[in-house]
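Open the model in your viewer and keep the sequence panel beside it.

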Amino acid sequence: MVKIAPAEITPEHVFLNRRQFMAAAGVTAGSLALAACSPATLSNTSAPAADAEPALTRALGAEKLPEALSLAEPTASKSQDELGDPLNQFQEITNYNNFYEFSTNKEAVASEAAGFNPYPWQVQVTGLVNNPLVLDLDDIYKRYTQEERIYRLRCVEAWSMVIPWVGFPISALLKDADPKSDAKYVRFVTVYRPDEMRGQRSSVLEWPYQEGLRLDEAMHPLAILGTGMYGKPLTNQQGAPIRLVVPWKYGFKSIKSVVTIELTDSIPATTWNDAAPNEYGFYANVNPEVNHPRWSQASERRIGESGRRDTLMFNGYAEEVASLYAGMDLSGNF
Ligand code: MTE
């Protein structure tokens, strides 16, 4: 069994920054308490120019977007994450994407996704809940305060980025749906639109893409539904208009363009686990000690940097999330 000792993993020099980060993300050390998060004040720092307006801004008009998503220029409140690493640029984040519904070529996803229509959009919350929900995008913006979260994204392919998301905790939406006592897992499903998503006409994966979390993972304050990035709505290639962001897990768990959120009592099937069960597990927590069968997970390439850097346990969020997996065999449950 892999023993997790967050104190050994967290570099000492980041301790203070981490404290501030956890407070900002509403994380109480050692507990799963949900604290209210105040919306980030977005100031004009580190503001690279956008290539194009996100489709959603065009469709809705900036005046219908919540304040945190309606900035004229893409903007983040900080230029670094809590470990002191610089944010990736807007252009990097939006031109190197995994979104097999459009293309398996990361650099072609942006252009292949250009014609996708992220509005109007509905998300249904269904299954083992007392209060099933069908929310359109305007409801989502109205109900849930959009806040900034600067997170590392670590792809299972061993590259990573630092991304200033805008979004809200999934826990807020799940609490509104009021899970029944036998609900143990949450299943997420991407929209199925083969007419707009060319990749869905191929058999490269089973469609629609689906993912899952344990309910307590989904309730964790670091798990968000992302609606924007750099203070703008999500671009199509990032999973507009709404996607999952679970920063301590490999990127494939962060499912894009979500339409269904279903509470279940048994472990849901997930796309990559179905495609290659020996390579991609249900948990998919970032773990430098458990290699992918075909490559090492000990290090990663940060997009925009030369050389490699060490991969951190739980992608650097061990202090916040390790307790979710206390007593679990992390190499068996990869
Ligand atoms: N969601 C869907 N629906 N389809 C996909 O192909 N790719 C996943 C994940 N979500 C994927 C998806 C993978 S492998 C990664 S690494 C991240 O999205 C990439 O997110 P990004 O393109 O915003 O960096």
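**Stop 1: R193**

Select R193. At 17% relative accessibility, this residue counts as buried, because the cut-off for buried is under 20%. Keep in mind that the model is predicted. R193 sits in the loop between β5 and β6. Now show its surroundings. Leaving out residues up to four places away in sequence, R193 touches F116, N117, P120, W121 and Q200.

**Stop 2: two cis peptide bonds**

One of those neighbours of R193 is P120. Select it next. P120 is in the loop between α5 (109-112) and β1 (122-127). Look at the bond that leads into it. The peptide bond from Y119 to P120 is cis, with omega near 0°.

Now go to P208. Like R193, P208 lies in the loop between β5 and β6. Those strands span residues 185-190 and 210-214. Which form does the peptide bond from W207 to P208 take? That bond is cis, with omega near -5°. Most peptide bonds are trans.

**Stop 3: the whole chain**

Zoom out and colour by secondary structure. The chain has 10 helices and 12 strands. How many of its residues are buried? Buried residues make up 57% of the 334 in the chain. The accessible surface comes to about 13,600 Å². Carbon and sulfur atoms hold 49% of that surface. Among contacts between residues at least 6 apart, 74% join residues at least 24 apart.

**Stop 4: the nonpolar core**

Select W165, L173, L174, F188, W248, I261 and F314. These residues have the most contacts inside the largest nonpolar core, which has 93 residues. Which strand gives the most to this core? Strand β4 does, with seven residues. Its span is 159-169.

Stay with F188 for a moment. Not counting residues up to four places away in sequence, its contacts include I170, Y209, L213, L244, I255, V258 and I261. Q210, E211, G212 and T260 are also touched by F188.

Then select V125, in strand β1. V125 is buried, with a relative accessible area of 0%. It touches P132, L133, L173, A177, I261 and L263, again leaving out residues up to four places away in sequence. Draw a distance from V125 to L263, C-alpha to C-alpha. The two are 138 residues apart in sequence and 7.8 Å apart in space.

**Stop 5**

Most residues other than glycine have a negative phi. Here are two to check against that.

Select A158. Its phi is positive, about 75°, although A158 is not a glycine. A158 is found in the loop between β3 (147-154) and β4. Is A158 buried or exposed? At 7% relative accessibility, A158 counts as buried.

Return to F314, one of the core residues listed above. Its phi is near 50°, a positive value in a residue other than glycine. F314 lies in the loop between β12 (309-310) and α10 (318-321). F314 is buried, with a relative accessible area of 0%.

**Stop 6: Y230**

Select Y230, in the loop between β7 (224-229) and β8 (232-233). Y230 is buried, with a relative accessible area of 2%. Where does its side chain reach? The side chain of Y230 reaches the backbone oxygen of N88 at 2.7 Å. The C-alpha atoms of Y230 and V166 are separated by 7.3 Å, and the two residues are 64 apart along the chain.

**Stop 7: the ligand**

Finish at the ligand. Which of the 14 residues around it come nearest? They are Y100, E101, R243, S254 and K256.

Check three of these in turn:

- Y100: a polar backbone atom is 2.8 Å from an oxygen atom of the ligand.
- S254: a polar backbone atom is 2.9 Å from a nitrogen atom of the ligand.
- K256: a polar side-chain atom lies 2.6 Å from an oxygen atom of the ligand.

Now show the surface. On its own, the ligand has 530 Å² of accessible area, and the protein covers 98% of that. Last, colour the shell by residue type. Its residues divide into six nonpolar, five polar and three charged.

Note on methods: Residues are numbered from 1 along each chain as its sequence is written. This is a predicted model: local features need pLDDT of at least 70, side-chain atom pairs count only at pLDDT 80 or more; totals for chains, interfaces and linings use all residues. Side-chain values use heavy atoms; hydrogens and water are left out. Helices (H or I, at least four residues) and strands (E, at least two) are DSSP runs, numbered from the N terminus. Buried means under 20% relative accessible area, exposed over 50%, partly exposed in between (1.4 Å probe, protein chains only). A polar contact is a pair of N or O atoms within 3.5 Å; within protein, one must be able to donate a hydrogen and the other to accept it, and residues adjacent in sequence count only if both atoms are side-chain atoms. A residue is near a molecule or strand if one of its heavy atoms lies within 4 Å of it. Accessible areas come from the Shrake-Rupley method with a 1.4 Å probe; for residues, only the protein chains shown count as cover. Ala, Val, Leu, Ile, Met, Phe, Trp, Tyr, Cys and Pro count as nonpolar, Asp, Glu, Lys and Arg as charged, and the others, Gly among them, as polar. A nonpolar core is a set of buried Ala, Val, Leu, Ile, Met, Phe, Trp, Tyr and Cys residues joined through side-chain atoms within 4.5 Å. Contact means heavy atoms within 4.5 Å.
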